[in-house]
Amino acid sequence: MRDLWNFYSAGRLLWGWGTMARAGAVVAERGWKGVFVVTDSRLISAGHAEKLQHSLASQNVGSVEVFSDGEPEPSIETALRAINRAREFGPDVIIGLGGGSNLDLAKIIACCVTHGGNPRDYFGFGMIPGPVIPVVAIPTTAGTGSEVSHAAVLTDNDHQLKVSTLSPFLRPAVALVDPELTVSCPPNVTAESGMDALTHAIEAYTNTYFQDMPVPPEMDMPYDGKNPVADLFAEKAIRLVGEHLVKAVTEPANRSAREGMSLAATLAGLAFSNAGVAMVHALEYPIGGAHYCSHGQGNALLLPYVMEYNLPKRTAETARIAAWLGVDTSGMDTEFAALSAVTRVQELKKLTGIPMKLSDIGVPGEALEDFARKSAGIERLMQLSPRKATADDLLGILTSAF
Ligand SMILES: NC(=O)c1ccc[n+]([C@@H]2O[C@H](COP(=O)([O-])OP(=O)(O)OC[C@H]3O[C@@H](n4cnc5c(N)ncnc54)[C@H](O)[C@@H]3O)[C@@H](O)[C@H]2O)c1
Ligand SMILES: [Zn+2]
């Protein structure tokens, strides 16, 4: 039995509408001179990279190098190109500007520039030997929570799998969250990344309890399991998604909806990066790794079916989730209320234009068995699942989601 849990965050969380203008001051205060910015062409078109450069220039920050070839669900090859550019430049700080994809690239660059080698040397948990060059994470989606998390995810095209590097040293030094940046997100990105945030919060809240984690207390863990502080953040995140996700998609310029979703994503990041994510993420990794979907879309496709599978072990928790998502559960018995959470998640998908089934996005039925086998092998995530599953059980869940 384990009798402890930890709670970590980014070194500093700076949050607010328009805070991007303070990025230069954040860098100047710390005396960082060489700034390596990781971004992509869509954020350049949206004008965000220019705003960041303007803020840096206003504080006379030394030299700035921009890597603008970030890509969705970045590959190991793209990471290597970025690392080489950063090595030539020799940065004091890496700024990630973008969705989770660019933030994760920034983290992996910081790791490899500090400790040498290439991303493959650090896959898994606890492989980074010490602190890395500071990362300032500026999210432009409301989704991954990477701005506060200890994870960086790349796509391994050789094995068609998403691969994670997890380390306490990967938590950004500064998370600068400016909800205004998310206004330019297209509806599908808003919907999919928002469902990723919801998945983080629901998995953190329904995971294996920290006391039941199958490891001795003296072992460091990538995730500590469900715990009281992560629960607080998860609850608030779920309530915010219930209130704001649909509006953020249908009324992109709605400030209160964008603020609500940005906060939800960061809080869900705090919850999951301590308590953990589980089966939804394990099932998504091979499907996303084979390029059928974005991470958020894949999670949205799988989430209701995993909730249903876990329901016997987490009935009371799932009933609470229903109420937090806005279902009037008064008069329902607990099991019925829990089932209504699953229905509500399906409804959120419909209302935000997310496909309902894996077959809708072109996943072939013959691939499911291979996906189930690959997911079963992701022990780090599977051990957090409240209801244990064999590869056959996973195939059953994938078949329901198909
Ligand atoms: N590190 C973590 O803790 C963590 C957690 C969850 C997911 N992830 C990873 O994050 C990635 C997904 O990140 P994401 O969902 O944020 O999407 P993303 O970063 O892949 O972005 C999706 C697309 O939207 C564009 N975009 C982003 N913000 C925009 C804006 N404000 N205006 C216009 N266009 C914008 C991007 O350029 C990109 O083309 C996946 O690789 C996933 O595995 C990481
Ligand atoms: Zn996720």
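## Exercises on a predicted model

In this predicted model, 6 strands make up an open sheet whose order is β1-β9-β6-β4-β2-β3, and the pairing is parallel.

**Exercise 1.** Find which strands are the edge strands of this sheet, and describe how neighbouring strands are turned against each other.

*Solution.* Begin with the general point that strands of a sheet pair through backbone hydrogen bonds, either parallel or antiparallel. In this sheet, β1 (12-15) and β3 (63-67) pair on one side only, so they are the edge strands. Between neighbouring strands the turn is 15° on average, with direction ignored.

**Exercise 2.** Follow strand β2 to its partner β3, and then name the helix that packs on the sheet and touches both of these strands.

*Solution.* First, strand β2 (residues 34-38) runs parallel to β3 and is joined to it by 5 bridges. Next, take one residue as an example: Val35 has Val64 of β3 as its bridge partner. Finally, the helix is α4 (residues 76-89), which packs on the sheet where it touches β2, β3 and β4 (93-98), and the direction of α4 makes about 165° with that of β2.

**Exercise 3.** Decide whether Val113 is buried or exposed, and list its contacts beyond its neighbours within four places in sequence.

*Solution.* Start by locating the residue: Val113 belongs to helix α5 (residues 100-115), and α5 lies across β2, β4 and β6 (135-139), running at about 165° to β4. Then apply the cut-off, under which a residue is buried if 20 or more other C-beta atoms lie within 10 Å of its own; Val113 has 20 such neighbours, and therefore counts as buried. Once the neighbours within four places in sequence are left aside, Val113 is in contact with Ile83, Ala86, Arg87, Pro91 and Ile133.

**Exercise 4.** Describe how domain 1 and domain 2 are placed, and what domain 1 brings to their contact.

*Solution.* The domain assignment of the chain gives domain 1 as 12-182 and domain 2 as 185-401, and their C-alpha centres lie 25 Å apart. The contact takes 27 residues from domain 1 and 32 residues from domain 2. On the side of domain 1 that touches domain 2, at least two residues come from each of β7 (151-156), β8 (161-166) and β9 (174-177), and the residues of that side divide into 11 nonpolar, 12 polar and 4 charged.

Methods:
Residues numbered from 1 in each chain as written. Chains lettered and ligands numbered in written order. Predicted model: local features only at pLDDT ≥ 70, side-chain atom pairs only at ≥ 80, totals over all residues. Helix = DSSP H or I, 4+ residues; strand = E, 2+ residues; numbered from the N terminus. Buried ≥ 20, exposed ≤ 12 C-beta atoms within 10 Å, placed from the backbone. Contact = placed C-beta atoms within 7 Å. Pairing = 2+ DSSP bridges. Axes fitted to C-alpha atoms, helices over the stretch in contact; angles between N-to-C directions. Domains from an automatic or database assignment. Nonpolar A, V, L, I, M, F, W, Y, C, P; charged D, E, K, R; others polar.
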